[in-house]
Amino acid sequence: MNVTITPTALCGAVTPPPSKSQSHRLLIAAALAEGESFVDNLAHSQDIDATICCLKALGAQFTPEGGGMRVKGLGAGTASRRFAQDLPHLDCGESGSTLRFLIPVALMLRGGGVFTGRGRLMERPLEPYFQLFQEKGISYELKDGVLTVRGELTPGEYRLPGNVSSQFFTGLLFALPFLPGPSNLISTTPLESGDYIAMTLEALGAFGVVFPTTLSRPPQYLLPGNQVCRSARVAVEGDWSGAAFWYAAAFLGCDVDVRGLNKASLQGDMRILSFCEKLRGEGPVELDVSECPDLVPPLAAMAALRAGEATRIVNAERLRIKESDRLSAVTDVLSALGAQVVERPDRLLIQGQRLLRGGATVESHNDHRIAMMAAIAAIGCLESVTILGGECVKKSYPTFWEEYAALGGRFEVSEP
C-alpha cells in the first residue's frame, strides 16, 4: 500500500509493541524446553510468525492463549534427535534472526534442515556458519535461494568473527548446551552487538540453562553439555527498537509520551535515550552505532532536522546487509525529502536544518525501518510525503500506522 502523509505534529501516549528480539529468543527457548511453557505479552509480526512456523516444523506445538502463547517443547538434548527422519523444511520468510538462530538448532535436533526465505534473506551473509561447517564436516548447499544443511553438530571449540553479526553466536548458544559434551564458543575479533548475546543468555537462563563466561576481551562462552531446558512462564518486555521512532518524534517537538518500557532492559536499542540527549546538545555530534545498528533510521531522521548542526553516524557498515542496504536507503529517502546527507562506506554525515522540503514520493525499499523513518521525518516537512510499500511495517510493527493515526498523524492510504 502507498501512504501519503500530511505533515502535522503528533500528540499523545503510545505503548510500543513487545520486543521482537526478545520474542524470538523466548519462543525458541520455550520450544527447546521440556514440558509446557507460556510466553506472555507476545505480538504477532511477520518475523515472529516465521519463527513460530519453523519451530512447528521442528516439532514444537503452539497454542495461542490470551495475549500470549502456550508452547509444548521438544525437550532438547541427545534423546530428542531424530536423524533418521527427512530433513524439515523451514520457511524463514524475511527474518534474518529466524534463519541464523535456527540453523544450529535444526542441526542439533534433526541433523539439519532445508531453509527458504524471501526478499534479500538468502543473500545475507552466512559465511561464518559455512566456515564452521567445513571445519566440522557438516555439508551445506545454497542454490537458487534454498539452503540445505545436513550433518551432526558435535561438542568442541567453535570460533566465529564477532564483527559480522551476533546472530551467529545466538544460534550456537541455542544448540551447543544440549550436545553430549562441553563446548567453547570464541569470538575471534572484537564483539559487536554484545547486548543481543546478553539477551540470549538471559532468555535461556530463564529456562535453567547456564553459561559460564570468561572475562577476556573478546569473551569466551564456556558451555557445559547435556543441559536440560526446563519449562517456564515468561513475559516479553516492550520493544526499544520500535520505541525509538516515537522518541524521534518527541525530539522533533511532538508531545509524545512513550510508555510500557523496561528501563533496566538488556536491549541495546535503549541507547536511544542517551543518543537523544547528545543530539539535543549544541555543536557537531558523533554517534557510534556498532552496538545498535537498528537505531540508524530514527537517528538519521532526528539528525536531518537538527537545525544548523552536523551529525556523524559511524560504525554502521553492517546496515548494508539488512532488509535493504540501509545506509543507501536512508540517504535516498532523506535526500528526496530535502535533507543534506552524505553517504560513506561505514557512516552517514548529516547537516541538520530546521525543516525539510518534502513534496516527494519515496520508496520504503521493502524495509520496515525505512518506512517508519520516512513517516517520522514527514513530521518536519513543509509538504506532503508519499511512502510506497508502507505495508512493510508488518515485519516488526504491524500496528505502526494505527498508532501513528491515534497520535494525530494525518495520512491517506491508496493501493499501488
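Mentor: On a 1 Å grid over the protein atoms alone, a cavity is a set of points where a 1.4 Å probe fits but cannot get out, and lining residues have an atom within 4 Å of a point. Grid points are joined across faces, edges and corners, and a volume is the space filled by probe spheres set on the points. Before we go on: this is a predicted model, so to speak of local features we need pLDDT of at least 70, and side-chain atom pairs count only at pLDDT 80 or more, while totals for chains, interfaces and linings use all residues. Numbering starts from 1 along each chain as its sequence is written, and side-chain values use heavy atoms, with hydrogens and water left out.

Trainee: How many cavities of 30 Å³ or more does a search of the whole structure find?

Mentor: The search finds 1. The largest cavity holds about 400 Å³ of space.

Trainee: Which residues lie nearest the centre of the largest cavity?

Mentor: Ser97, Arg124, Gln167, Asp294 and Lys322, out of a lining of 29 residues.

Trainee: Let's look at single residues. Is Lys20 buried or exposed?

Mentor: Buried means under 20% relative accessible area, exposed over 50%, partly exposed in between (1.4 Å probe, protein chains only). Lys20 sits in helix H1, and its relative accessible area is 14%, so Lys20 is buried. Contact means heavy atoms within 4.5 Å. Not counting residues up to four places away in sequence, Lys20 touches Ser45, Asp47, Ile48, Asp239, Arg369, Lys395 and Ser396.

Trainee: And where is Ser165 found?

Mentor: In the loop between strand S10 (157-160) and helix H5 (167-173). Ser165 has 8% relative accessibility, so this residue counts as buried too. Arg100 and Arg318 are in contact with Ser165, leaving aside neighbours within four places in sequence.

Trainee: Now sheets. In what order do the strands of the sheet with S4 come?

Mentor: The general idea: strands of a sheet pair through backbone hydrogen bonds, either parallel or antiparallel. Here, two strands pair if DSSP finds at least two bridges between them. This open sheet has 4 strands in the order S4-S5-S3-S13, with mixed pairing. Strand S4 (61-65) and strand S13 (233-235) each have a single partner strand, so one side of each is left without a neighbour in the sheet. Within it, strand S3 (residues 36-40) and strand S5 (residues 68-72) pair in the antiparallel sense over 4 bridges, and Val39 has Met69 in S5 as its bridge partner.

Trainee: What does H1 touch on this sheet?

Mentor: S3, S4, S5 and S13. For directions, axes are lines fitted to C-alpha atoms, for helices over the stretch in contact, and angles run from 0 to 180 degrees between N-to-C directions. H1 makes about 170° with S3.

Trainee: What is the strand order in the sheet that holds S18?

Mentor: It is S15-S16-S18-S17, another open sheet of 4 strands with mixed pairing. The edge strands, strand S15 (285-288) and S17, each pair on one side only. S17 and S18 form a hairpin with 2 residues between them, joined antiparallel by 5 bridges.

Trainee: Last one: which residues of helix H10 are buried?

Mentor: A handy rule is that an α-helix has 3.6 residues a turn, so residues three or four places apart point the same way. In H10 (residues 326-336), the buried ones are Arg326, Leu327, Ala329, Val330, Thr331, Val333 and Leu334. Their cover includes helix H9 (296-304), strand S17 (340-344), strand S18 (347-351), strand S19 (360-363) and helix H11 (368-377). H10 lies across S17 and S18, at about 160° to S17.

Conventions: 1 Å grid on protein atoms, 1.4 Å probe; cavity = no way out; pocket = protein on both sides within 12 Å on 5 of 7 lines; lining within 4 Å.
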